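I opened a notebook for this structure and wrote down what I looked up, one entry at a time.

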Amino acid sequence: MDYLTCDQVKFSYETGENGESREVLHGVSLGIRKGEFVALLGHNGSGKSTLAKHFNAMLLPSSGKVYVDGLDTMDESLKIEIRRRVGLVLQNPDNQLIASVVEEDVAFGPENLGIAPPEIRRRVDDALKAVEMYDYRLNAPYKLSGGQKQRVAIAGIIAMQPDCIVLDEPTAMLDPRGRTEVLDTIHKLNREKGITIVLITHYMDEAVGADRVVVMDDGKILTQGTPREVFSQVQLLKDHQLDVPQATELVWRLRSEGYDLPDCVLDIGECVDALEPLLKSSSGDSYVCP
Ligand SMILES: Nc1ncnc2c1ncn2[C@@H]1O[C@H](COP(=O)(O)OP(=O)(O)OP(=O)(O)O)[C@@H](O)[C@H]1O
Ligand SMILES: [Mg+2]
């Protein structure tokens with residue numbers, strides 16, 4: 001059975017005072033397996049954040065159902081249990097850190113769950129070690145870099161011992177180094193702790209490392225599959241104002257110029273492997289550096 005299940009989820013935001021509403025999810029069905037790493041893509045306003053908030057009962061479907069480990073998010077009595085199992089990390093780390101000391105911030109979640117102090121201490125230390133921020137435990141969050149703050153926010157979620165972490169553009173406000181730190185952390189948590197990951201991102205290269213890519217468009221799922229299955233549909237993605245990874249785009253353009261190249265490459269390594277024979281054959285024996 002899937003860990004997260006959306007069954008024909010529709011959702012409308014109230015937009016006017018006299019009960020007007022606008023439907024922004026138009027029947028989304030999706031299953032995410034335990035331990036899976038899913039990247040959720042889609043252009044601005046396609047409904048990614050709205051869907052993400054359904055995964056931990058922050059929003060409830062107007063119709064259809066969302067289940068977390070079999071628990072119905074519509075059941076008010078299960079809300080705390082659902083929020084413990086599925087943690088949500090948002091774009092701006094400054095809005096997520098509230099305490100004046102890093103370790104107090106990480107302790108906040110487990111304290112709210114009523115966990116005993118010695119166990120909280122253990123969880124806070126473990127969580128900070130997992131995101132490699134243990135040495136900063138007594139620091140003030142405002143003095144940290146963006147990537148470090150985001151990792152502390154992730155530690156705050158890990159301390160609740162969730163099964164799943166949903167991250168809504170966690171790297172959007174970070175510099176390249178911060179992005180790498182956060183991405184590496186998410187992959188490590190998935191690999192080593194088996195935490196299910198749903199990563200919403202506008203960076204296509206971040207999606208390449210996922211087990212599955214789900215693409216949303218106008219409140220519906222446009223396509224989904226392995227990164228290779230999804231990114232080989234370059235024209236479809238372009239028609240919906242979406243990019244593909246740079247390496248994919250380059251090889252796709254050369255193919256459309258008639259060059260004999262593979263269907264879909266996903267990263268620079270594969271791109272080099274694809275282009276090398278071409279460059280060699282076009283310049284006799286001498287190798288031309290790309
Ligand atoms: N609180 C709200 N009230 C009314 N409409 C909203 C609200 N939040 C989002 N919307 C609308 O719902 C639709 C989906 O928005 P959502 O934020 O889920 O998209 P998104 O895919 O996360 O976009 P982005 O990439 O910009 O973050 C958009 O048309 C948006 O304008
Ligand atoms: Mg969003």
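**Entry 1: ligand 1.** I looked up which element gives the most residues to the shell around ligand 1, and found that helix H1 (residues 48-54) does, with 3 residues. The model is a predicted one, and I note that here before going on. I then listed the residues around ligand 1: Tyr 13, Thr 15, Val 24, Gly 42, Asn 44, Gly 45, Ser 46, Gly 47, Lys 48, Ser 49 and Thr 50. I sorted this shell by residue type and got 2 nonpolar, 8 polar and 1 charged.

**Entry 2: the chain as a whole.** I counted the secondary structure, and the chain has 11 helices and 10 strands. Along the principal axes, the C-alpha atoms fill a box of roughly 70 × 50 × 35 Å. I checked burial next: of the 290 residues in the chain, 43% are buried. I also looked at contacts with a separation of 6 or more, and 61% of them join residues 24 or more positions apart.

**Entry 3: the sheet of 4 strands.** I traced an open sheet of 4 strands in the order E2-E1-E4-E5, and its pairing is antiparallel. The edge strands are strand E2 (21-32) and strand E5 (71-72), each of which pairs on one side only.

I went through the pairs in turn. Strand E1 (residues 4-14) is joined to E2 by 9 bridges, and the two run antiparallel. In this pair Leu 4 stands opposite Ile 32 in E2. E1 and E2 form a hairpin with 6 residues between them. I looked at the turn and noted Gly 19, which has a positive phi of about 75°.

E1 is also joined to E4, by 5 bridges, again antiparallel. There Cys 6 has Val 66 in E4 as its bridge partner. Strand E4 (residues 63-68) in turn pairs with E5 in the antiparallel sense over 2 bridges. Tyr 67 stands opposite Asp 72 in E5.

**Entry 4: Pro 61.** Where is Pro 61 placed? I found Pro 61 in the loop between H1 and E4. Is Pro 61 buried or exposed? Pro 61 is buried, because 20 other C-beta atoms lie within 10 Å, and 20 or more is what the cut-off asks for. I then looked up its contacts, leaving aside neighbours within four places in sequence, and found Val 9, Lys 10, Phe 11, His 54 and Val 66. I also took one distance: Pro 61 and Gln 8 are 53 residues apart in sequence, and their C-alpha atoms are 9.2 Å apart in space.

**Entry 5: the sheet of 6 strands.** I traced a second open sheet, in which 6 strands are arranged in the order E6-E7-E8-E3-E9-E10 with mixed pairing. E6 and strand E10 (220-225) are the edge strands, each pairing on one side only. From one strand to the next, the twist averages 20°.

I looked at one pair in detail. Strand E9 (residues 212-217) and E10 pair over 5 bridges in the antiparallel sense. Val 213 stands opposite Gly 225 in E10. I then checked what H6 does here, and H6 lies across strand E3 (37-42), E7 and strand E8 (196-200). H6 runs at about 155° to E8.

**Entry 6: helix H5.** I looked up helix H5 (residues 146-158), which has 13 residues. From its first C-alpha to its last, H5 reaches 18 Å, close to the 18 Å expected at 1.5 Å a residue. How many of the residues of H5 are buried? The count is 12 of its 13 residues, so H5 is mostly covered, given that a residue with 20 or more other C-beta atoms within 10 Å counts as buried. Among the buried residues are Gly 147, Arg 151 and Ile 158. I asked what covers them, and the cover includes strand E6 (86-89), helix H3 (102-112), helix H4 (117-130), strand E7 (164-168) and helix H6 (176-193).

**Entry 7: Leu 144.** I ended with Leu 144, which is placed in the loop between H4 and H5. Leu 144 counts as partly exposed because it has 18 C-beta neighbours inside 10 Å. Leaving aside neighbours within four places in sequence, Leu 144 is in contact with Tyr 136, Asn 139, Lys 149 and Val 152. Of these, Lys 149 and Val 152 are also listed among the buried residues of H5. I took a distance here too: Leu 144 and Val 38 are 106 residues apart in sequence and 28 Å apart in space, C-alpha to C-alpha.

Conventions. Residues are numbered from 1 along each chain as its sequence is written. Chains are lettered from A and ligands numbered from 1 in the order in which they are written. This is a predicted model: local features need pLDDT of at least 70, side-chain atom pairs count only at pLDDT 80 or more; totals for chains, interfaces and linings use all residues. The expected span of a helix is 1.5 Å times one less than its number of residues. Two residues are in contact if their C-beta atoms, placed from the backbone, lie within 7 Å. Two strands pair if DSSP finds at least two bridges between them. A residue is near a molecule or strand if its C-beta atom, placed from the backbone, lies within 6 Å of it. Ala, Val, Leu, Ile, Met, Phe, Trp, Tyr, Cys and Pro count as nonpolar, Asp, Glu, Lys and Arg as charged, and the others, Gly among them, as polar. Axes are lines fitted to C-alpha atoms, for helices over the stretch in contact, and angles run from 0 to 180 degrees between N-to-C directions.
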